[in-house]
Amino acid sequence: MTPLALLFLVLGLGLVAWFTARAKAGGFATPGAPRPHSRPNYHGWYVTLWAVIPALIFLAVWSGVQPGLVIDATLKSPAAAQLPPPGMERAAILSEVRGLAEGTIEAAFNPLSDTLLPAYKQARLHYGLIGAVLTVILAFAGGAYAFTRLKPDFRARNRVERVVMAVLLIASLIAILTTIGIVASLLFESLRFFAKVSPIEFLTGTVWSPQTAIRADQVGSSGAFGAVPLFWGTIFIGAIIAMIVAIPLGLMSAIYLTQYAKPSTRKWMKPILEILAGVPTVVYGYFAALTVAPALRSFAASIGIAGASSESALAAGLVMGVMIIPFVSSMADDSIAAVPQSMRDGSLAMGATMSETIKKVLVPAALPGVVGGVLLAVSRAIGETMIVVMAAGLAANLTANPFASVTTVTTQIVQLLTGDQEFDSAKTLAAFALGLVLFLVTLLLNIVALRVVKKYREAYE
Amino acid sequence: MNSRIPNPVAQLDMPGAAESAVRRPTDWKSGAMQSRVRRRYAAERRFRFLGLTAVLLSVAFLTFLLVTMIGNGIRGFTRTEIRLPIDFPASTLILDPAALRGPEADRALAGADLEGVAAAAADTAFGQGGNRLLSDGAWIAVRQAIKADPSILGRKADIWVPASTGIDLAAKSEAAAADEAAHARLEQAGAVRTGLNLGFLTAADSTDPTLVGIWGALKGSLLTMVVTLLLAFPIGVLSALYLEEYAPRNRWTDLIEVSINNLAAVPSIIFGLLGLAVFLNFMHLPRSAPVVGGLTLALMTMPVIVIAGRNAIKSVPPSIRDAALGIGASRVQVVFHHVLPLALPGILTGTIIGMARALGETAPLLMIGMRAFISSPPSGLTEPATVLPVQIFLWSDEVNRGFVEKTSAAIVVLLLFLLAMNGLAIYLRNKFETRW
């Protein structure tokens, strides 16, 4: 029986248990007798949990152990005597046998597989049967044990609620597990990378050419992992060009929509601006590569800038800036709205015009919030992948010419991991080191930004 | 831009003026003051105009983006077809019409050299090299025509077959001179038409832009989203409930909160690296499979759902909890019978927005190998698959010019899905929003 069928069988047994226990508990509430502690449904759930949980835990453990047991039994069979010694070849034959037995392969490549097949099938049937019987027995035993405990004064609800609380706690621990998983996987692979390339060379080197050649005598076989051009490209596109677009446009849109626009205009314009944030980044990337970049290149050529590339930093940065506008705008919106009305009224009452009030009172007062929002926007821009992959190019140039091609951390991560590469090479491991740097920088930016915003909010509360 | 405006009062407050006991009132009618007020009002108007420009620029960019995509994309939903006269009795085809009526029809057709027949017919009809006017998949149209009506095998029949990329481009926009000339000739003969391309919605990826479709990618996206939803929604809602309703305020809960807030801001590509290292290299799940994509996206979407869920739960007024507790409900009953149902619309809105973000996500899926060339729709959660945004990325890299309009058409489909999801979220919010 397959694990999936067993799973449904156990769940079915749980359903049966629920109805039986509920029927029994329904009989507790007889006139004259003391009132039962828990509602019949809770008795039902109590028995169901006892029937299902131990059986499912066993099933999970068993489906982890069973393949090993089956292989062991197959190896002990007389047919296994001709098998080659443990190693690649033996593993290949065994996986072929498994494929044959499960029907994923139609014919064996190695004739030995066919001779082993009966033994394997026999062992699989044997252990599958043992697993199925034990699971069903556990389900019945758990259910029966819980069933015998049902009494009118049995505190079924408290026990069921304890399980519910445990489930809630486990669900919220998954967030921590994810964080640990990210940090651990990035750190583990990065350490392996730093065993091959020194961290100092990685962080301060200015030559990036991750191609490690297959033959030692090939040209450029060394492979250089100096990531400074990548860091510069990321900052140039994400923190400089994109912000030059996003900060003025975002801030001015927020000011116009909150201070000048009629409420009806604001009601329509704000969602339209938010659409900019909802467009998938791959669409922006396609737009940048197909429309913006060629236009910029012909513009650069027409004003006589040499070395304009069709994959320019400017194209990626501009489009990324537009993508970030609603982000900056909504952060600025929030922080301007948090400035107390009395400050605005005071300034207007003194005879200042609206723009003077905004420039001299509202924006200075909201500045920490705006700065926090900009930091968050920068952290988003430098982690953005698809726009730069599609529009920024791969040449690791250390240049401040916006019409030249630069590359970024995220572009290189994609580039390093999407080819056909063995997993242990310095080239693939470098992607994890880059990921670690990206993770740490965005984490730092987020923490600083959130702290700035929080402190500022407290100042006016 | 901001010319410093001197404060008139401060100017009068100079040491010399302070000594004279009488402060002369400002003469607002004087020419100097009038021009200063004018300057200030002009500055006000300039500032206001700048604000409006900023908004309009953003809107203009959005409009330009959408118009470009839709303009290109509309053409992707159509295809050009050529009328191909085939003289079946004279052809080399050996097919028994009787066999085509039975259940063996597919096998009989599979053995027939329809490709050769179509090529020969094109060469006869349009001269030497006429075969190149047809799409590589022209014979599929011939097969369908035979299947629909086996009797045409006994006579001469006109069959509409898809045209090659060059003819397709020539019919819709500009193309290479040779293709334009060929198209003009066909048009004169009345042997060409452009119509709706249903194959685009039902086929999967292909190397020939006239044959590609998005159904394969769309199905991959749907399977991935199902996995994401099944994992992220329950886990997200349960942890939101725990953090908002039960969690004691201590270091552990703070840690959970901090990690959820940080996860929501971690770049998506980092989740791709996590998926690659944990799901593929450590747990050895199948590469390119929707189940791995769904797991990765679930980890990414969960924090969004938790944050939206917590806000929704927070907005349920305490009086409801107090009332339920007051009539003897346990704390679990309070939450599951009263708080959760009231907070559900808000949670659902947040979930839909998180799912829309996951649907448009590309980078993490590239990391776990969902960029493979998949020419048939995935049939299960562990089959190799690709998703719509990755398909867009793959097509955008193609050299063949025919893919430009197909990429835009796929983008239009993706945007329609996102629009529908966000529209649903807004509808839910407006319909069920309760002001307590």
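In which handedness of crossing does helix 9 of chain A pass helix 17 of chain B? In this predicted model, helix 9 of chain A passes helix 17 of chain B in a left-handed crossing.

- The axes of helix 9 (residues 281–302) of chain A and helix 17 (residues 388–396) of chain B come within 10 Å, and they cross at roughly 15°.
- Because angles under 35 degrees count as roughly parallel, helix 9 of chain A is described as roughly parallel to helix 17 of chain B.
- On the side of helix 9 of chain A the contact is made by V282(A), Y286(A) and A289(A), while helix 17 of chain B contributes P389(B), I392(B), F393(B) and S396(B).
- Sorted by class, the residues of this contact between helix 9 of chain A and helix 17 of chain B comprise 6 nonpolar and 1 polar, with no charged residue.

**A sheet in chain B**

- In chain B, 3 strands form an open sheet in the order 2-1-3, and their pairing is antiparallel.
- Strand 2 (156–162) and strand 3 (192–196) of chain B stand at the edges with a single partner strand each, so one side of each has no neighbour in the sheet.
- Neighbouring strands of this sheet are turned against each other by 35° on average, direction ignored.
- Strand 1 (residues 78–87) of chain B pairs with strand 3 of chain B in the antiparallel sense over 5 bridges, and T78(B) stands opposite L196(B) in strand 3 of chain B.
- Helix 5 (residues 114–126) of chain B packs on the sheet, where it touches strand 1 and strand 2 of chain B, and its direction makes about 85° with that of strand 1 of chain B.
- Helix 7 (residues 165–172) of chain B also packs on the sheet, touching strand 1 and strand 3 of chain B, with a direction at about 125° to that of strand 1 of chain B.

**Confidence in chain A**

- Chain A has a mean pLDDT of 86, and 94% of its residues reach 70 or more.

Key: Residues numbered from 1 in each chain as written. Chains lettered and ligands numbered in written order. Predicted model: local features only at pLDDT ≥ 70, side-chain atom pairs only at ≥ 80, totals over all residues. Axes fitted to C-alpha atoms, helices over the stretch in contact; angles between N-to-C directions. Helix = DSSP H or I, 4+ residues; strand = E, 2+ residues; numbered from the N terminus. Parallel < 35°, antiparallel > 145°, perpendicular 65-115°, else oblique. Left-handed = near helix turned anticlockwise from the far one by under 90°. Contact = placed C-beta atoms within 7 Å. Nonpolar A, V, L, I, M, F, W, Y, C, P; charged D, E, K, R; others polar. Pairing = 2+ DSSP bridges. pLDDT = per-residue confidence, 0-100.
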